[in-house]
Each structure stands twice: as structure tokens, then as C-alpha cells.
Amino acid sequence: MAMAGSAGSSGKVVIRNIGLMLSGDIDRPILDADTVVVDDGVIVAVGRAKDCDTDGPARVIDAKGTALAPGLIDSHVHPVFGDWTPRQNQLGWIESCLHGGVTTMVSAGEVHLPGRPKDVLGVKALAITAQRAFDGMRAAGVGGGVKVLAGAPVLEKGMVESDFAELAAAGVKLLGEIGLGSVKAGDEAARMVGWARRHGIQSTIHTGGPSIPGSGLIDEQVVLEADADVIGHINGGHTALSYKAVCTLCEKSSRAMEIVHNGNERIAILTARHAIELKCPHRVILGTDAPAGSGVQPLGILRLVALISGMADIPAEICFGFATGNTARMRGLAQGLVEVGRPADFVFLDRAQHSAGRDLLDSVRLGDIPGVGMVMIDGIVRCQRSRNTPPAVEVPAIVA
Ligand SMILES: [Zn+2]
């Protein structure tokens, strides 16, 4: 039997008595189901208890009427090595985010590495090393077992197509934020984005003013010309383009619109509303852009969900979809949806104690952060009552 916090396979896990099943899919955000069955880390059944094969489990979780959602995906982080960030000289930040319901993080570049190499060979070597190291770290359960998808080289002048082919062959699947390296012009970035795309490497571009001394402005013209897969922190990181420029990006591009916690909150709210008005809510994905000058926010994704739901007046179940299923689809990830065949990465949520909201979704719509009662990755319980969120009214129990 798999023990909480252990590595290895989950075996058969039955989760019963789920009060609210959030699918992560904004077209069908709430499922008519109270039971999930997992086998070796993969969802094998979602439905009513009487319709699911619940025999012979290695583990049984009683959700106690709480909500189950896909584990949250942070679309924009800057890891370096291990569960440490030099940006704020902090240890354990990834595991702390697990307690905020995050089960997957996507690197936007390991740019905070002190003395980061800027020559092409060094850029490639670092990306491959980071990809390997974070993969190995997850397998070892370091960082709470959070899936950190890293190894995201930033574009530097002098890179040629064969560099992208080589990176792809070595297992690199992401580019770091375009604009953080020496490639800052739209035409040059577009050429490299094209090479990356041809080799199956996904791209993200920095949007807005410089983040810290030494980085630069990327305006809407450069973002449109570069045509990266993800319009990284469309609300700035921190300094946003004008709302008019952001609207131009929403309207003229069809790429993912990434809203981050460490950005301009006013533009975050306006962007989410604009996406709804433009009828392109599927493009909205969420990230923290942590660690950053603003630090690390273990509850950053939950805070964004509550901010956008409360201030942009978007139903909470849709905002949870921005943080899960939308990111999964925009980034081609298997996790992020409660669906048969998907990885069993879940967060169990309930209304925070003494919230004015009558239930979980109402409390989030009123701007409150929910309480996390349990987090599961690949069917293995990674934490129970969160040490970081306000306490949930009810939490799931491991009954067998
Ligand atoms: Zn940035």
C-alpha cells in the first residue's frame, strides 16, 4: 500500500463522498459525480459510487463532502535548482506551493541562476541539466513531489535551428521567457520561435516593462511579431502595457493569454473580463511569475482565482478552469482535467472557516481564498490540511 508522502505507485485508490466535482473544463466545469477511482496514478473512473468499480482498493479517501478539483497548474515560475530560489534566498518554496494546491509548475526560464551562462553552448547545457534535475527531483519526492516542468532556455543571439533540434532531442520542451536574453527584436524572436515550434518546443514571451534592473521592455508590436505560443504575463511582470495595448494583443493574437499574480492586478481583472467579452475564455491561463521581486506566493494561484472571480465577476468554477484545464490544453499537458486516462493530480477544497460565502464557490466569488484539505499527485497523498491556507471547514480523511 502506498503511504502518504511516499514515492512509487499509488495502486488502486477510491475517493468517495465528493461534494462537488470540478472538472477543470470551462465548457463543463461541474460534473455530476461523487466518486473517483485511480489505478497506479491514473484516473480510471469518475461518476456516481454505484456506477464505479470500487472493489479491492489499496487506499480509500473519504472526501467528507468537500470539493475535488484538478491540481492547480502554475504556468509561470522561475525555478533554479532544487527547492531553493536565489531570488529571495528562500528554501522550500515549491513544497510550500503544494500547500496552495499547486501540483504542476511550468518554468519560464531558470534565469535567476547566479552567473547564468549566456553563450549558446552554456545555454543549452543549462537547459538540459535543469530538465534532468527537476525530473529527477520529482521522482525523489523533493519539493513535495510537485511536477516542475523545467529546462527552459532563454533565447540568445547566435542560436541557429540545429540548436533547437539538439535541445528537443535531449528532452527540452519549453523556451524561457523571450526577452530575458539578448534576443529582444520581434523578427529575430519570430525566426527562433518558428524553429522551436518545428521541433516541438513551446514558447513564451515576456510582455510589458522591465521586471528588474537589467531586463527590458517588450511591447505589443514585438509580442505580435514574435508570435510565441504564450503571451507571458499579459498583465505585466510587474509593469503592464496600457489597457489599449493589452486589448490589441487579445484581439490580434490567438495565443494563450497568461495572467500572473506578480503582475498588474487592475490589468489582470480587465484582461479576464475582455476575454469573456471577446468569447475567448479558453485562452486565459494563470501563473505566479514567482519567485520574483515580490517574492514567492504559495497561495498565488488561489489568490488569482479569487481575485478574478470576485473582481471580474466570473463564476469561481470557470476561474478554477483557467488554472487547470485551460493551461493543460494550451500547453499540451496530460494533467489538469478530471477525466478518465488523466494523471490523478487533485486538490481537495472547502470554504474557509468563517467565510461569508455559503459554500466553496460562493466564498471564492466573494473574494475569499478557499481552504485546502488535501493534495494528491499521481494518486499519492502529498499533504493533508494545508499549513498555508485559511483552515477549511471540512477536510478529507484517509480511511483505509
Ligand atoms: Zn517576465
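Predicted model: local features only at pLDDT ≥ 70, side-chain atom pairs only at ≥ 80, totals over all residues.

**Loops, strands and helices**

A: Let's start with Asp378, which is found in the loop between strand S18 (371-377) and strand S19 (380-383). Helices (H or I, at least four residues) and strands (E, at least two) are DSSP runs, numbered from the N terminus.

Q: OK, back to Asp378. Buried or exposed?
A: Asp378 counts as buried, because it has 23 C-beta neighbours inside 10 Å. The cut-offs are these: a residue is buried if 20 or more other C-beta atoms lie within 10 Å of its own, exposed if 12 or fewer, and partly exposed in between, with C-beta atoms placed from the backbone.

Q: And what's the phi of Asp378?
A: Phi is near 50° there, a positive value in a residue other than glycine. Asp313 also has a positive phi, near 60°.

Q: Where does Asp313 lie, and is it buried or exposed?
A: Asp313 lies in the loop between H8 and helix H9 (316-322). It has 12 C-beta neighbours inside 10 Å, so Asp313 counts as exposed.

Q: Which residues are joined by cis peptide bonds?
A: His238 has its place in the loop between strand S14 (230-231) and helix H6 (243-252). A cis bond also joins Ala290 and Pro291, where omega is about -10°. Pro291 is in the loop between strand S16 (284-287) and H8.

Q: H8 keeps coming up. At what angle does it pack with H7?
A: Helix H7 (residues 265-277) and helix H8 (residues 300-312) pack at about 65°, and their axes are 9 Å apart. Axes are lines fitted to C-alpha atoms, for helices over the stretch in contact, and angles run from 0 to 180 degrees between N-to-C directions. H7 and H8 are therefore roughly perpendicular to each other. On the wording: angles under 35 degrees count as roughly parallel, over 145 as roughly antiparallel, 65 to 115 as roughly perpendicular and the rest as oblique.

Q: Which residues make that contact?
A: From H7 there are Glu265, Ala268, Ile269, Ala272 and Arg273, and from H8 there are Leu307, Ile308, Met311 and Ala312. Two residues are in contact if their C-beta atoms, placed from the backbone, lie within 7 Å.

Q: How do H2 and H3 cross?
A: The axes of helix H2 (residues 120-139) and helix H3 (residues 161-169) come within 10 Å and cross at roughly 20°. That makes H2 roughly parallel to H3. Val120, Lys124 and Ala127 of H2 make the contact with Asp163, Glu166 and Leu167 of H3.

Q: Switching to sheets. What order do S8, S11 and S12 come in?
A: These 3 strands form an open sheet in the order S8-S11-S12, with parallel pairing. Two strands pair if DSSP finds at least two bridges between them. Strand S8 (72-77) and strand S12 (147-149) stand at the edges with a single partner strand each, so one side of each has no neighbour in the sheet.

Q: How many bridges join S8 to S11?
A: There are 4 bridges between S8 and strand S11 (residues 102-107). As one of the pairs, Asp74 has Met105 of S11 as its bridge partner.

Q: Last one: where is Ala69, and is it buried or exposed?
A: Ala69 has its place in strand S7 (residues 67-70). It counts as buried because it has 27 C-beta neighbours inside 10 Å. Leaving aside neighbours within four places in sequence, Ala69 has contacts including Leu22, Phe320 and Val347. S7 itself runs antiparallel to strand S17 (residues 346-350), joined by 4 bridges.

Methods
Residues numbered from 1 in each chain as written.
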